[in-house]
Amino acid sequence: MISIIRSAVNSLASLGFLNFLLDNDIKVIGVDVTDEGLGKIISPKYFKVPFANQEKETIAAYTTIIENESPQWIISGPENEISLLAKHGE
């Protein structure tokens, strides 16, 4: 089974995509900077992460999630988060 981290799962724009992933038997590990929203409830696993402008804390949070959950991919929503994660690609 494919396993991914999907960020910004609590935004309204993410709900359709989140449902698409789940309907296609993709294990979703949802993350967001807020606990407010439906993505937290819909995602089989969910973690709150710091805002991308808190680089050290954000990378530490993602590293812990990756080590514990072993996803194949990260699908990021916010542009500033994409830049931060790409900078730390390893």
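Biologist: What makes strand S1 mostly covered?

Modeller: Five of its five residues are buried, where buried means under 20% relative accessible area, exposed over 50%, and partly exposed in between (1.4 Å probe, protein chains only). A strand is a DSSP run of E with at least two residues and a helix a run of H or I with at least four, each numbered from the N terminus. The model is predicted, so local features need pLDDT of at least 70 and side-chain atom pairs count only at pLDDT 80 or more, whereas totals for chains, interfaces and linings use all residues. Residues are numbered from 1 along each chain as its sequence is written, and side-chain values use heavy atoms, with hydrogens and water left out.

Biologist: How do you know that both faces of S1 are covered?

Modeller: Ser-3, Ile-5 and Ser-7 are buried on one side, and Ile-4 and Arg-6 are buried on the other. In a regular strand the side chains alternate between the two faces of the sheet.

Biologist: What is the order of the strands in the open sheet, and which are its edge strands?

Modeller: The four strands follow the order S3-S2-S1-S4, with parallel pairing. S3 and strand S4 (73-75) are the edges, since each pairs on one side only. Neighbouring strands are turned against each other by 20 degrees on average, direction ignored.

Biologist: How do you know that helix H1 packs on the sheet?

Modeller: Contact means heavy atoms within 4.5 Å, and H1 (residues 12-23) touches S1 (3-7), S2 and S4. The direction of H1 makes about 175 degrees with that of S1, on a scale of 0 to 180 degrees between N-to-C directions; axes are lines fitted to C-alpha atoms, for helices over the stretch in contact.

Biologist: Why are the buried residues of H1 said to be on the same side?

Modeller: The residues concerned are Ser-14, Leu-15, Leu-18 and Leu-21. They cover an arc of only 130 degrees around the axis, which puts them on the same side of H1; the arc is that of the directions from the helix axis to the C-beta atoms. What covers these residues includes S1, S2 and H2. Ala-13, Gly-16 and Asp-23 are exposed on the other side.

Biologist: Why is Gly-16 called exposed?

Modeller: Gly-16 has a relative accessibility of 52%, so it counts as exposed.

Biologist: How does the span of H1 compare with the expected span?

Modeller: H1 has 12 residues and reaches 18 Å from its first C-alpha to its last, close to the 16 Å expected at 1.5 Å a residue. The expected span is 1.5 Å times one less than the number of residues. Helix H3 (residues 55-69), with 15 residues, reaches 21 Å, close to the expected 21 Å.

Biologist: Why are the buried residues of H3 said to line one face?

Modeller: Thr-58, Ile-59, Ala-61, Tyr-62, Ile-65 and Glu-69 are the buried residues in H3. Seen down the axis of H3, they fall within an arc of 160 degrees, so they line one face of the helix. Lys-56, Glu-67 and Asn-68 are exposed on the other side.

Biologist: Are Ala-8 and Asp-25 buried or exposed?

Modeller: Ala-8, in the loop between S1 and H1, has a relative accessible area of 16% and is therefore buried. Asp-25, in the loop between H1 and S2, has 56% relative accessibility and therefore counts as exposed. Neither is a glycine, yet phi is positive in both: near 60 degrees for Ala-8 and about 55 degrees for Asp-25.

Biologist: Why is Ser-43 called buried?

Modeller: Ser-43 has a relative accessible area of 5%, so it is buried. This residue lies in the loop between helix H2 (39-42) and strand S3 (45-48). Leaving aside neighbours within four places in sequence, Ser-43 is in contact with Val-9, Leu-18, Val-28 and Gly-30.

Notes:
Pairing = 2+ DSSP bridges.
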